[in-house]
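This briefing goes through the structure shown below, topic by topic. Please keep the sequence and the 3D view at hand while reading.

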Amino acid sequence: MRRNAAELAKMRRAGKVVAEIHEATRAVLRPGVTTADIDRAARSVLETRGAGSNFLGYHGFPAVVCTSPNAMIVHGIPSEAVVLEEGDIISVDCGAIVEGYHGDAAYTAGIGQVSVEAARLMEVTEASLHAGIELLRPGHRLHEVGRAVQQVAEAAGFSVVREYVGHAIGTAMHEEPQVPNYWPGTPGPTLKSGMVFAVEPMVNAGGPGTVLLDDGWSVVTADGRLSAHFEHTIAVTDDGPEVFTLP
Ligand code: MG
Ligand code: MG
């Protein structure tokens, strides 16, 4: 779907709120912080900005952010019982609704000093996101994005998750079409200005396999190795990709 200028303006504002949540949650990251503390920092931004949460209540999800440490890939539930320690990595995924329009973005950060592998995994995952974003231009085909993400991740010796993917976004958080982080075998739709997508590589240090935990939400790597996740909401414009979820 193509969004008009008024719709894109609302999505730009939603994206700014998401970027602000990223800044506010990054600011609380230190050894001893709980993932519930991260959720509280995010709630405070939503409240200040008068924005809605597209995470809270989504299929019953109980928080405004997903917090996924270490081998958890995505969809971790914030908890007072999950205390982050020096050397952990934590993925924080969140969104905001402004005047009915959605933003969605995620980052992964280290707690204090992290391992060389963890640092490289985060760096490569973010680089794979930017390689995908570069291709969000009118006339390109959507699945070139996933091919680029996959190339960057696999060139570094890592793997991309198959079961969870990016998506178009607008008046709902998850709209069609999906945006896989791999080459799905077909080039997909031709991109036009006004289309908006959430591109979100989930990159595993080991194999691509995933396991859903008994809480029905938390997705972890099958081999127990680290996973990182970065995401932005991006509009296709005649002037190139416009990332809405940057500060
Ligand atoms: Mg997200
Ligand atoms: Mg998303």
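At 24% relative accessibility, Glu-242 counts as partly exposed, and this residue is one partner in a salt bridge with Arg-12. The model is a predicted one.

**Salt bridges**

- Glu-242 and Arg-12 meet through their side chains at 2.7 Å, N to O. The pair links strand β14 (residues 240-243), which holds Glu-242, to helix α1, which holds Arg-12, across 230 residues.
- Arg-12 has a relative accessible area of 32% and is therefore partly exposed.
- Arg-49 and Glu-20 also form a salt bridge, at 2.7 Å from N to O.
- Arg-3 pairs with Glu-175, and their closest N and O atoms are 2.9 Å apart. Arg-3 belongs to the segment before α1 (5-26) and Glu-175 to strand β7 (residues 175-179), so 172 residues separate them.
- Here both partners are buried, Arg-3 at 7% relative accessibility and Glu-175 at 17%.
- Arg-3 and Glu-175 are also part of a salt-bridge network that includes Glu-7.
- Side chains of opposite charge can pair when their charged atoms come close.

**Magnesium site**

- The magnesium ion (ligand 1) is coordinated by Asp-93 (OD), Asp-93 (OD), Asp-104 (OD) and Glu-231 (OE), at 2.0 to 2.6 Å.
- Along the sequence, the donor residues of this ion follow the spacing D-x10-D-x126-E.
- Asp-104 bridges the magnesium ion (ligand 1) and the magnesium ion (ligand 2), and the two ions lie 3.1 Å apart.
- Asp-93 comes from strand β3 (residues 89-98) and Asp-104 from strand β4 (residues 101-110), 11 residues apart. Both aspartates are buried.

**Rings and charges**

- The structure holds 1 aromatic pair. The ring centres of Phe-61 and Trp-217 are 4.9 Å apart with their planes at 80°, so the pair is edge-to-face.
- Phe-61 is in the loop between α2 (35-49) and β1 (65-69), and Trp-217 is in the loop between β10 (210-212) and β11 (219-221), so the pair ties together parts that are 156 residues apart in sequence.
- Phe-61 is buried, at 2% relative accessibility.
- Two arginines place their charged ends over tyrosine rings: Arg-26 over Tyr-107, 4.1 Å from the ring centre, and Arg-162 over Tyr-182, 5.3 Å from the ring centre.

**Cysteines**

- There are 0 disulfides in the structure. Cys-66 is in none, and the nearest cysteine sulfur, that of Cys-94, is 9.2 Å away.
- Cys-94 is likewise in no disulfide. Both cysteines are buried, Cys-66 at 5% relative accessibility and Cys-94 at 0%.

**Ile-111**

- Ile-111 is in the loop between β4 and α3 (116-133) and is buried, at 0% relative accessibility.
- Beyond its neighbours within four places in sequence, Ile-111 has contacts that include Leu-29, Arg-30, Pro-31, Leu-84 and Ile-90.
- Ile-111 and Leu-8 are 103 residues apart in sequence, and their C-alpha atoms are 35 Å apart in space.

Notes: Residues numbered from 1 in each chain as written. Chains lettered and ligands numbered in written order. Predicted model: local features only at pLDDT ≥ 70, side-chain atom pairs only at ≥ 80, totals over all residues. Heavy atoms only, no water. Disulfide = S-S within 2.5 Å. Buried < 20%, exposed > 50% of the residue type's maximum accessible area, 1.4 Å probe, protein only. Donors = N, O, S within 2.8 Å, 3.2 Å for Na, K, Ca; no water. Helix = DSSP H or I, 4+ residues; strand = E, 2+ residues; numbered from the N terminus. Phe/Tyr/Trp six-rings, centres within 6.5 Å; stacked < 30°, edge-to-face > 60°. Lys NZ or Arg CZ within 6 Å of the ring centre and 35° of its normal. Contact = heavy atoms within 4.5 Å. Salt bridge = Lys/Arg side-chain N within 4 Å of Asp/Glu carboxyl O.
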